[in-house]
Amino acid sequence: MLRRVAAQASANYRRLLAAPSSSSPGIYNPFRQCSTSTPSSSSHSHTPNSTCVEHLEDSACTPSPSTKISIDRSGLYNPPEHSHGPTSDSELVKHLKGIIKFRGGPITVAEYMEEVLTNPKAGFYINRDVFGAQGDFITSPEVSQMFGEMIGVWVMCAWEQMGRPEKVNLVELGPGRGTLLADLLRGVSKFKNFTESVHIHMVECSPVLRKLQYQTLKCEGEDGEKQIVSTMTGSPVSWHATMEEVPTGLPTIIVAHEFYDALPVHQFQRASHGWHEKMIDVDENSSFHFVLSPRPTPATLYLMKRCKWAETEEIEKLSQVEICPRAMDLTQTIAKRIGSDGGVALIIDYGVNGIVSDSLQAIRKHKFVNILDNPGSADLSAYVDFTAIRHSAEEISENVTVHGPITQSQFLGSLGINFRVEALLENCTDEQADSLRTGYWRLVGEGEAPFWEGPDEQTPIGMGTRYLAMAIINTEIGVPVPFQ
């Protein structure tokens, strides 16, 4: 009897043994049928050399009290015991790992990006001021007041082209500190017909940034009162979490500056069986890493749509593709609004006029870092696909036309930034003059500033050709300045 028990135990333990595993750095595929170069490392067990079963004595049918069965478990894989003590993981990291564990598998890059940037408790944008020299990155409005002033010129021209409506919604998507709009309002404050017609709408999800915007626009009034007003122009100001919350029924001017680049992107990689979406999983060391989905994902529909808008040759030369369904959907929301209510939208961002390959990046304290390193501590952004924006707008509404993209340098130059900087230089100190030249170069220049004489690590880098501008306008208005 004892021998039969021991033999059965041996057979049971053999069936519990898992297959061999191998690990590989970087991207790996846990699904055998779409392996790119390395096998799965999601199986953690080791193949044992042997399983030994020992017995001491067999006495009749019932073992004596001193009889023992000894099982050698040294060949079995024993996962580390779960610790209920404190870990070094941040709350956001724990949250991300919890999602992956609950799902029983990896999450998309877009899901990761959205949690990292806008998680209500620990998102990068939610609980801090990330802009300016003391933050993680600098945007054009923070570089020079001239940027906001030129956007003000463009908004005024658009309002004129729209026939000077008595009521108009002025919407900014992702206003940051509110610097762009403050410089805009300061520049147009003398044009009372315009400022009295404007209702300002700020699309912002961060409570911290909303407070900064309130202060920057010199607002009065509190939530719950009849109306919050910017004392700079007397214009009413409202905040919204999404574009869909902005009231309809009025002509609308929309400004989206460096907003699209923060929208979550999906990444696809070409494998032996076609395109597979890159996902993010947790490895045996409890670290985030990339894997590939073995089967089509919901975002594959957007990939198919984007490929229809591209030339075959353009797709064939790529091994990776980045798409942004949220950007396509937002563009269609904007186009429908402009097509029905009238108005125009301006989109300025860094990107390309074509399909994007692999552009997702992380910036912490003005330096590039690994996108999976300490999520929530760095900004994540990706190149904007301006071709996809064009097609998305034209697909949804026959009442809009799309113009551009043109470079930021062309856009600002046509609006008169050259004359503006000359006027400012006539009445300023030497220190102010240096700041103006540096800011001007960063806005319209290309590469390193040739006039710079300071430390090399502080050399101004021009963004004039890296950033592109595009306009979506109601067909009845015509061609917007300066896209003629």
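This is a predicted model: local features need pLDDT of at least 70, side-chain atom pairs count only at pLDDT 80 or more; totals for chains, interfaces and linings use all residues.
Residues are numbered from 1 along each chain as its sequence is written, and side-chain values use heavy atoms, with hydrogens and water left out.

**Cavities**

Rolling a probe the size of a water molecule over the atoms shows where empty space is left. A cavity is here a set of points, on a 1 Å grid over the protein atoms alone, where a 1.4 Å probe fits but cannot get out, and lining residues have an atom within 4 Å of a point. Grid points are joined across faces, edges and corners, and a volume is the space filled by probe spheres set on the points. The structure holds 3 cavities of 30 Å³ or more, and the largest cavity contains about 150 Å³ of space. It is lined by 16 residues, of which Cys324, Ala327, Tyr383, Val384 and Asp385 are the closest to its centre. At least two lining residues come from each of strand E13 (320-323), helix H11 (325-341), strand E18 (384-385) and helix H12 (386-396); helices (H or I, at least four residues) and strands (E, at least two) are DSSP runs, numbered from the N terminus.

**Helix packing**

Helix H11 also packs with helix H9 (residues 300-308), at an angle of about 70° and with the axes 10 Å apart. Axes are lines fitted to C-alpha atoms, for helices over the stretch in contact, and angles run from 0 to 180 degrees between N-to-C directions. H9 and H11 are therefore roughly perpendicular to each other, given that angles under 35 degrees count as roughly parallel, over 145 as roughly antiparallel, 65 to 115 as roughly perpendicular and the rest as oblique. Tyr302, Lys305 and Arg306 of H9 meet Pro325, Met328 and Asp329 of H11 in this contact, which means heavy atoms within 4.5 Å.

The axes of helix H14 (residues 417-425) and helix H15 (residues 430-444) come within 10 Å and cross at roughly 170°, so H14 and H15 are roughly antiparallel to each other. The residues of their contact divide into 9 nonpolar, 1 polar and no charged.

**Salt bridges and backbone**

Among the 12 salt bridges of the structure, each a side-chain nitrogen of Lys or Arg within 4 Å of a carboxyl oxygen of Asp or Glu, one joins lysine 94 to glutamate 91, with the closest N and O atoms 3.7 Å apart.

Most residues other than glycine have a negative phi, and most peptide bonds are trans. Arginine 164, in the loop between helix H5 (145-161) and strand E4 (168-173), has a positive phi near 55°.

| Cis peptide bond | Omega |
|---|---|
| glycine 404 to proline 405 | about 10° |
| valine 481 to proline 482 | near -5° |

Proline 405 is placed in strand E19 (residues 400-407), whereas proline 482 is found in the segment after strand E22 (467-474).

Conventions: Ala, Val, Leu, Ile, Met, Phe, Trp, Tyr, Cys and Pro count as nonpolar, Asp, Glu, Lys and Arg as charged, and the others, Gly among them, as polar. On a 1 Å grid over the protein atoms alone, a cavity is a set of points where a 1.4 Å probe fits but cannot get out, and a pocket is an open set with protein on both sides within 12 Å along at least five of seven lines; lining residues have an atom within 4 Å of a point.
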